[in-house]
Amino acid sequence: MSGIEVQVVDQVVQVYEGMGPDGPPGQGLPSGGTTGQQPRKASNMDYDVEWVDPPAGSGDVVGPAVSVDDRLAGFNGTTGKLLRQGTKTLAQVATHLDSTANPHGTTAVQVGADPTGTAAAAVAAHAGAADPHADRAFATAAVAAHAGAVDPHADRAFATAAVAAHAAAAGAHEMAGVNGLAAALALLAPLLSPALTGNPTAPTQSAGNSSTRLATTAFVAQALADLIGSVPGTLDTLDELAAALGDDPNFAATIAASIATKLAKASNLSDLTDAAAALTNLGGSTLGKAIFAVASAAAARTLLQLGGAALLAVGTTAGTVAAGDDARITGAVPSTRTVAGAGLVTGGGDLSANRTLTVGAASAADVNTGTSAAVAMTPASYKDSTPFYVDVAADKTLQIADANVNQRVNSASAIVLTLALNATVAYPARCVFPGKRSGAGTVTIDAVAGVTLNGVNGGSCTVNTRYQGFLIENVGVDAFEISGDVSAVA
């Protein structure tokens, strides 16, 4: 039987088709042994094999009374005697093993098939689930915990301890064993009296610091700025200050010596060495200098040529000097006289005090009405009372203030200028109302009933042409005349 191997182990027949794969290499069978011996495991240890004699027995095969050739047989593993024969031959077993059909009638369900499709749906649902085994949630939580841990692998603690141990070790690295260390140290300035190059920087100390710390240019600049303060730009250097002091290294002594030559304020000029020369230098007259030089008031009066009256008291009796109201004074204007204004002048009174006379100035309204005779017209009042013109853009009744003022009618719509009764508007006698049609709208001059215009009671007319003027004159009470580019009054 090619490719078939049959073994009996503990009274069980084992049939193998072909040879199995080579096992892992080992120590192999031990050397020694005699003819007829067989290998046996000596212990549970790997490769512990020894040669032993086969079990005792006669070796005779005692079968049943009737047997069939090529049948499978069962033997006693201890005695080696035949126990029984099987119902199948070795040829049948070989044919069975070589068969590619389904000799045992195994069903699809028995081998795990899914004839109804339920397993496929379950597999699809399982595959479509976000995390069917909770692997993702577990991994996410594990990763988050790992990421949030300070030192999840104890690398940091290990490295920290290693570095600390390395740093604490004396002479851990010699300078020659570190590339570039000697060259790098050669570029550094020594701690003792370093000679720095380039533009080294340092912290700027607070203002007023007087310690042994480094003073930066910023600290020095601020100190100089604080020293200079707000002095003028012409005195912010020592050279300018020296020039202001006259470049005198003994300025204080020089000033003190100069002050010593001056007059003392408390002496009130008594310390003058030459009073006469001082008077001359002051520009005084000869008489003035003589009066300063006299020793008595009497001598001064003599120089001033004052008589005995200079020594008399003021009074009204004999032997006194007369006052302003003394009856002994003749030819003076008595205070009982008065001065009074008249006409345009107001004010006045008796001459016992200063009196003021006033001329009243007319206002613009006074000039326009022309009714006041108690005020004087000034250029200002005349200017304010006579504007050049006023713009008229709506119907209006001419008023006193419109007298002598050009009425510039400037409207695209029709405009009516009305002349009222004197009882309504007391127009000044002989006043005039000049005007001009400047707009495209019609301009009508309309007199109310009781007022004549060019002799027509309640007359009315229009200005014929744009940009043409007209003149209305007050020729009497409730009587007006109009001239210019106007229609006939009707």
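This is a predicted model: local features need pLDDT of at least 70, side-chain atom pairs count only at pLDDT 80 or more; totals for chains, interfaces and linings use all residues.
**A mixed sheet, an aromatic cluster and a pocket**

K396 has L417 as its bridge partner in β13.

On to the next neighbour, β15 pairs with strand β18, residues 460-462, in the antiparallel sense over 3 bridges, and here the bridge partner of I445 is C461 in β18. Taken together, these pairings give an open sheet of 4 strands in the order β11-β13-β15-β18, with mixed pairing. Strand β15, which covers residues 443-447, is mostly covered, since 4 of its 5 residues are buried.

S411 lies in the loop between β12, residues 406-409, and β13. Is S411 buried or exposed? With a relative accessible area of 13%, S411 falls under the 20% cut-off and is therefore counted as buried. A polar atom of the S411 side chain lies 3.1 Å from the backbone nitrogen of S413.

A pair of aromatic rings is described by the distance between the centres and the angle between the planes. In this model the count comes to 2 aromatic pairs. In one of them, the rings of Y427 and F433 have centres 5.5 Å apart and planes at 80°, and because an angle over 60 degrees counts as edge-to-face, the pair is described in that way. How buried are the two residues, in terms of relative accessibility? Y427 has a relative accessibility of 6% and so counts as buried, while F433, at 0%, counts as buried too.

Y427 also takes part in a pair with F480, in which the ring centres are 5.4 Å apart and the planes stand at 90°, so that this pair is likewise edge-to-face. This second pair links distant parts of the chain, for Y427 is in the loop between β13 and β14, residues 432-437, whereas F480 is in strand β20, residues 479-484, and the two residues are 53 residues apart. Like Y427, F480 is buried. Through these ring pairs, Y427, F433 and F480 are linked into a cluster.

The last stop is in another stretch of the chain. Rolling a probe the size of a water molecule over the atoms shows where empty space is left. The largest pocket holds about 150 Å³ of space, and its lining is formed by L224, L227, I228, V231, L235, D236, T237, L238 and L241. Which helices supply at least two residues each to this lining? They are α6, residues 217-228, and α7, residues 238-244, and α6 gives the largest share, with 3 residues. By residue type, the lining of the largest pocket divides into 7 nonpolar residues, 1 polar residue and 1 charged residue.

Note on methods. Residues are numbered from 1 along each chain as its sequence is written. Side-chain values use heavy atoms; hydrogens and water are left out. Buried means under 20% relative accessible area, exposed over 50%, partly exposed in between (1.4 Å probe, protein chains only). Two strands pair if DSSP finds at least two bridges between them. On a 1 Å grid over the protein atoms alone, a cavity is a set of points where a 1.4 Å probe fits but cannot get out, and a pocket is an open set with protein on both sides within 12 Å along at least five of seven lines; lining residues have an atom within 4 Å of a point. Grid points are joined across faces, edges and corners, and a volume is the space filled by probe spheres set on the points. Ala, Val, Leu, Ile, Met, Phe, Trp, Tyr, Cys and Pro count as nonpolar, Asp, Glu, Lys and Arg as charged, and the others, Gly among them, as polar. Rings of Phe, Tyr and Trp (its six-membered ring) pair if their centres lie within 6.5 Å; planes under 30 degrees apart count as stacked, over 60 as edge-to-face and the rest as tilted. A polar contact is a pair of N or O atoms within 3.5 Å; within protein, one must be able to donate a hydrogen and the other to accept it, and residues adjacent in sequence count only if both atoms are side-chain atoms.
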